[in-house]
Amino acid sequence: MELAIGVDLGGTKIEALALDGEGRELWRKRLPTPRDDYAGTVDAVARLVEEAEQALGTSASVGVGHPGAISPATGRIKNANATWLNGRPFREDLERRLGRPVALANDANCLALSEAVDGAGADGWVVFAAILGTGVGGGIAVGRRVLVGANAVAGEWGHNPLPWPTAEERDGPPCYCGRRGCIETWLSGPGLREACRREIGLALEAPELVRRAASGDPRAEAVVRRWEDRLARALASVINLLDPDVIVLGGGLSRISRLYDRVPGMWGAYVFSDRVVTPLRPARHGDSSGVRGAAWLGRAGGAARYGTSLAVEGQSGGRGCGHSASSPHAGSGSSSSSSSSPRTRNRP
Ligand SMILES: [Zn+2]
């Protein structure tokens with residue numbers, strides 16, 4: 001039985017789990033992240049892996065979901081909100097510590113992969129997954145492979161400008177990235193709270209705002225509707241570019257259940273098509289999708305270091321999934337550093 005260990009490395013906690021070949025969870029543990037302590041963070045991830053293997057009585061593949069991205073230029077982590085990881089050769093250090101290859105991807109890519117393998121996107125070939133939480137991230141899975149991209153930013157739509165802005169939305173809120181009006185500044189949890197404060201003078205958190213809207217408060221309803229329309233526009237631009245088979249949402253704001261009816265009712269006005277059939281679904285594995293995606297990623301044995309895709313192979317299609325994972329490469333960019341790498345075949 002092939003076992004896969006996934007680790008979700010976040011700014012406040014590190015979570016690890018072990019899956020069997022059918023995606024059943026065998027073991028799980030959480031540790032607080034050693035803040036501002038790079039060596040301690042590497043050590044904590046490695047210790048969780050070792051502890052899992054001890055509990056399982058066997059070795060397993062290892063995949064890690066991390067914040068930010070690995071710079072194709074330097075091999076070091078960039079763009080991480082856990083800032084003590086930035087500029088560090090995390091993969092190299094972790095592989096040295098564990099004495100084996102480790103597969104890495106960012107959290108949104110792990111969400112996309114998890115949901116594409118056996119979640120809400122399992123019936124789709126191209127899955128776009130977005131995290132709507134403290135920030136806004138996005139990832140793409142094609143044929144159960146993470147699409148990394150030449151610059152390792154494929155799917156990262158959060159710092160594109162909000163499309164089709166109204167007059168009031170032009171020159172939008174400032175973003176930590178240095179620009180104004182990024183999608184993240186409108187659609188994230190803090191972005192929605194700020195919009196609520198600007199529009200009705202109350203900085204409500206999303207659950208309270210949605211509760212007030214449901215109880216008939218017209219001002220709260222208007223704020224939620226504008227947020228939904230912005231989400232519809234942002235996703236319409238994804239559909240126009242990528243036209244995914246399924247769009248999956250994760251993160252705290254993905255729990256706003258009304259959006260799954262409302263947003264598809266709004267995006268038709270922006271998508272360049274006579275009709276839009278794209279399903280919009282909440283992540284099936286919820287908060288566990290990041291760590292599950294990391295496990296599936298590791299099961300592929302690491303794949304290309306900075307390449308175009310990371311394959312998940314050997315996952316049977318027998319769990320209601322529409323296709324076999326041994327399908328040919330999807331997309332055009334898989335020639336240079338693809339799953340033909342020996343690392344792909346390095347399985348436990
Ligand atoms: Zn930004």
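Student: What is the order of the strands in the open sheet of 5 strands?

Tutor: This is a predicted model, in which local features need pLDDT of at least 70, side-chain atom pairs count only at pLDDT 80 or more, and totals for chains, interfaces and linings use all residues. Residues are numbered from 1 along each chain as its sequence is written. Strands (E, at least two residues) and helices (H or I, at least four) are DSSP runs numbered from the N terminus, and two strands pair if DSSP finds at least two bridges between them. The pairing in this open sheet is mixed, and the order of its 5 strands is E3-E2-E1-E4-E7.

Student: Which strands are the edge strands of this sheet?

Tutor: Neighbouring strands of the sheet are turned by 15° against each other on average, direction ignored; angles run from 0 to 180 degrees between the N-to-C directions of axes, which are lines fitted to C-alpha atoms, for helices over the stretch in contact. An edge strand here pairs on one side only, and this applies to E3 and E7 (103–106).

Student: Over how many bridges do E1 and E2 pair?

Tutor: A hairpin of 3 residues joins E1 to E2. Within the pair, alanine 4 stands opposite leucine 19, and glycine 6 has leucine 17 as its bridge partner. Strand E1 (residues 4–9) pairs with E2 in the antiparallel sense, over 6 bridges.

Student: Which residue in the turn between E2 and E3 has a positive phi?

Tutor: E2 and strand E3 (residues 25–32) are antiparallel and share 7 bridges. Glutamate 15 has arginine 30 in E3 as its bridge partner. The hairpin has 5 residues between the two strands, and the turn residue with a positive phi, of about 85°, is glycine 23.

Student: Why is E2 described as largely enclosed by the rest of the structure?

Tutor: A residue is buried if 20 or more other C-beta atoms lie within 10 Å of its own, exposed if 12 or fewer, and partly exposed in between, with C-beta atoms placed from the backbone. In the protein chain of 348 residues, 46% count as buried. Strand E2 (residues 13–19) is largely enclosed because the buried residues number 6 of its 7.

Student: Is alanine 46 buried or exposed?

Tutor: Alanine 46 lies in helix H1 (residues 38–56). Setting aside neighbours within four places in sequence, alanine 46 contacts Leu94, Arg97 and Leu98; its C-alpha atom is 6.9 Å from that of leucine 94, 48 residues apart along the chain. Since 20 other C-beta atoms lie within 10 Å of it, alanine 46 is buried.

Student: What is the handedness of the crossing of H1 and H2?

Tutor: H1 and helix H2 (residues 90–98) pack at about 45° with their axes 10 Å apart. That makes H1 oblique to H2, as angles under 35 degrees count as roughly parallel, over 145 as roughly antiparallel, 65 to 115 as roughly perpendicular and the rest as oblique. Val42, Val45, Ala46 and Val49 in H1 meet Phe90, Asp93, Leu94, Arg97 and Leu98 in H2. A crossing is left-handed if the near helix is turned anticlockwise from the far one by less than a right angle, and right-handed if clockwise; that of H1 and H2 is right-handed.

Student: Is aspartate 36 buried or exposed?

Tutor: Aspartate 36 is in the loop between E3 and H1, and has a positive phi of about 55° although it is not a glycine. Because 10 other C-beta atoms lie within 10 Å, aspartate 36 is exposed.

How values were computed
Contact = placed C-beta atoms within 7 Å.
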